Amino acid sequence: FNSASGAATDREHDVQLGLLQALCRAVADNRDAASVSEILDRLIAYSEAHFMSEELLMRLKSYDDYEDHVEDHLQMLDTLRGIAASHAAGDTALVAGRAAESLDFIGRHIATRDRRFADHVRLGL
């Protein structure tokens, strides 16, 4: 893990946050169901891949906060899949609020847990 891979992780976080922001905008703008579904599908697939690579790196670095960090990932994916299921079932009333909550949650996760892991790797702890 070096500054280049740290920058790559930061870019991945930017993409993930961008997809969440796009979801919030799409819902707020009353975009059609297919557009919202496409964003949700991309967000879930991207998050799964990002979390998998981050978790692999945590295991390689014997990271001490692995379980709690992964629990955040699982909670986030469960929430996103729940939003997608609700949306697919036509129950869109709560999608905007849940999308905004997800954006807040992942923002806090990046600022706290991901930052702590980056420091762990950077400092060779």
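In the predicted model, residue D72 is placed in helix α3. With a relative accessible area of 13%, D72 is buried, because this value falls under the 20% limit that defines a buried residue. When neighbours within four places in sequence are left aside, the residues in contact with D72 are F105, H109 and R113.

D72 also takes part in the contact between α3 and α4. Two packed helices are described by the angle between their axes and the distance between the axes. For α3 and α4, the axes come within 11 Å and cross at roughly 165°. The two helices are therefore roughly antiparallel to each other, since an angle over 145° places a pair in that class. The crossing of α3 and α4 is left-handed. On the side of α3, the contact is made by D68, H69, D72, H73, Q75, M76, T79, L80, G82, I83, S86 and H87.

Helix α2 spans residues 33-60 and helix α4 spans residues 95-122, and their axes come within 12 Å and cross at roughly 25°. That angle makes α2 roughly parallel to α4, because angles under 35° are assigned to the parallel class. The crossing in which α2 passes α4 is left-handed. From α2, the contact involves F51, E54, L57 and M58, and from α4 it involves I106, H109, D114 and F117. These residues divide into five nonpolar, one polar and two charged.

M76, not counting residues up to four places away in sequence, touches L20, F51, S102, F105 and I106.

In the loop between α1 and α2 lies N30. N30 is not a glycine, yet its phi is positive, at about 55°. The relative accessibility of N30 is 69%, so this residue counts as exposed. The loop between α2 and α3 contains S62, which has a positive phi of about 50° although it is not a glycine. S62 is exposed, with a relative accessible area of 60%.

K61 is likewise found in the loop between α2 and α3. A relative accessibility of 34% means that K61 counts as partly exposed, because this class lies between the limits of 20% for buried and 50% for exposed residues. K61 and L20 are 41 residues apart along the chain, and their C-alpha atoms are separated by 29 Å. L20 is one of the residues touched by M76.

Key:
Residues numbered from 1 in each chain as written. Predicted model: local features only at pLDDT ≥ 70, side-chain atom pairs only at ≥ 80, totals over all residues. Heavy atoms only, no water. Axes fitted to C-alpha atoms, helices over the stretch in contact; angles between N-to-C directions. Helix = DSSP H or I, 4+ residues; strand = E, 2+ residues; numbered from the N terminus. Parallel < 35°, antiparallel > 145°, perpendicular 65-115°, else oblique. Left-handed = near helix turned anticlockwise from the far one by under 90°. Contact = heavy atoms within 4.5 Å. Nonpolar A, V, L, I, M, F, W, Y, C, P; charged D, E, K, R; others polar. Buried < 20%, exposed > 50% of the residue type's maximum accessible area, 1.4 Å probe, protein only.
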